[in-house]
Amino acid sequence: MKIALSRRGIWIYKYCMKELGTPNNWPQIAHNAAMIIAILISICAMNAGAPLESAATQSVAAPASATVVSTGSPPPNAPTSSAAVSDCMLKLRDISRFKTDWWNMSGAEIPAYDPVNKRLWFTNNAEGLECISIADPTKPEQFKTIRQYGLNSVAVSGNAIAIASQPRSKDARGSVTFFDLDGNKISKVEVGFNPDMIKFTHDGKRVLVVNEGEAPDDGHSDPAGSIGVVDISNGADKPVVRECSFDAFENQKADLVKRGMHMVTPNAGFSQEIEPEYIAIAGDDTKAYATLQENNAIAVIDLAPGHERVERIEPLGFKDFMKPGCGLDASDKDGANRIQNLPVFGLYQPDGVACFETGGARYLITANEGEDRQRDDFTEAVQFAKLKNMQSKAGKKSSAIDEESFAKQLGADNPLRVQDLAKPEIMGRLKVSSLRGDDDGDGDFDRVFCFGGRSVSMWSVAADGSIAQTWDSDDEIERVIAQQMPNAFNMDSMTSPSRDARSNSKGPEPETPIVATINGVRILFCVLERAGGIMSWNISDPSHPKFLLYVNPRDPDVDLDIDLDKDGKPDHAAEAGDIAPEGILYIAPEQSPNGKPLLVVCNEGSGNVTIYEIEVTRP
């Protein structure tokens, strides 16, 4: 619903917020919550001409018995369809949806926009490169399909389109192909192994390629990860390739691991284990920042023209899920959306990354999805209960976890005991790393590490290139979904109904963040691959991000198991809405076909491309 506040309404709203107090005080005044919520609802009724609007998502109110939030955590501060905070109100309205009809085939994954012709290009792994005209964004029309195997990413700048694609064998190098704006091929050049993401520098003279170097499932080889630079300063028909390797960091491995980098693949050299995932470029084109997802780190790339190199690697450390307001639901067998503090450390392992500058300072935003290593010859993840019940190296009577260490992490006042942790309804089924956590080298696990932070984070970049976390959304993503759309809580993207199914794995899986300044307000948008939908925060003040809005055009109750015609697509897929959002794109008003800010979301599960109109108002 949308709240339009009168002066009296604003006064009452501020009074209620004062009474709610800080997050640390909220539990003490929880008995007033129902009264305060009722007052806030009544504010709407006081405003003539401010009717309640229908919800912009399929969400319903969470039953009181269905959700347990972390101690010390405030309730989500935004309704579903619009969100009012002290400095802005955000609304997303979906104005069109283009359907490729490719179900669970990555039919729509990564978008790029051509402002000259008002066309949207996007990767469709079932067919190749797709293009639709959005001259009228309410009525997207098919323009062209370019057949291409192994297409992973697309980018547009000036008069050129660039795509990154990989061959059928992961042992062979991939390529970057350039096209003009009508999709006519200009040139093709070989780059590194498994090019996963591509991005133009702001001046359009170079293309950066993230070469993941992912190993084949059978593990018989492991190509090196790298960052490719394709120089097109002399034209897209004359590309020159330079490759930035990670070989120089081999002798720093021990120190990087100590600082929080995750390097666990057996018998792999440093560059072979590095797997770059996504990249962001500073506004002045002097630096780039690539997420090393499996490695829990960010690579800093010096972009001095002709001398590009990886200049440093910044480990991201760990997230402490015992921290107040920073819990998680670690069980898919607890019968509830239960967020609680547990003795678990999270490897942030971000997928997407964004970069922005303000006040002379540079910041990165990461979507902390998580990713474990799994191949035919090597599996890292194990359920905590199996780890606990394993025999340590100290002998048959010794548990594989150090119970004294876990007792200290829980604390004396915690009602949970070490023996409770392995229960399936607590964290017994939580997937953790079997290759990290023996801090003192005595053969048992002093700590356990799960995959992903289930959050988005902000990191400040110092003058020397070092990175430090300045903000994390903690457990806000899970809390918001639990309250606003409980049946989508930690659900599986391709199975429905499936509430809570992913709680023991990586939860909602934040995927890709972008930062946009709209009507003077800097907003962070992030899509969630599993639960679906878009989360947003006002980050105009980087030191105090404020949650704004969650929109999820998905019905989590639609049964996706029914396929009576056996065509491989659920009979009720269309009713389910957008499934598994992956790529997200902002179109500024000056480039927009209708002069309004637009948000484009590609949904790889359902194969839909959804266009939203963004409205940001300030009081």
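This is a predicted model: local features need pLDDT of at least 70, side-chain atom pairs count only at pLDDT 80 or more; totals for chains, interfaces and linings use all residues.

Analyst: Residues are numbered from 1 along each chain as its sequence is written, and side-chain values use heavy atoms, with hydrogens and water left out.

User: In what order do the strands of the open sheet lie?

Analyst: Strands (E, at least two residues) are DSSP runs, numbered from the N terminus, and two of them pair if DSSP finds at least two bridges between them. Here four strands form an open sheet in the order 12-13-14-15, with antiparallel pairing. Strand 12 (195-200) and strand 15 (240-244) each have a single partner strand, so one side of each lacks a neighbour in the sheet.

User: How many bridges join strand 12 to strand 13?

Analyst: Five bridges do, and strand 13 covers residues 206-211. Isoleucine 198 of this sheet sits opposite valine 209 in strand 13.

User: How many disulfides are there?

Analyst: A disulfide is a covalent bond between the sulfur atoms of two cysteines. With the cut-off that the sulfur atoms lie within 2.5 Å, the count is zero.

User: Is cysteine 450 buried or exposed?

Analyst: Buried means under 20% relative accessible area, exposed over 50%, and partly exposed in between (1.4 Å probe, protein chains only). Cysteine 450 is buried, at 0% relative accessibility, and cysteine 526 is buried at 0% too.
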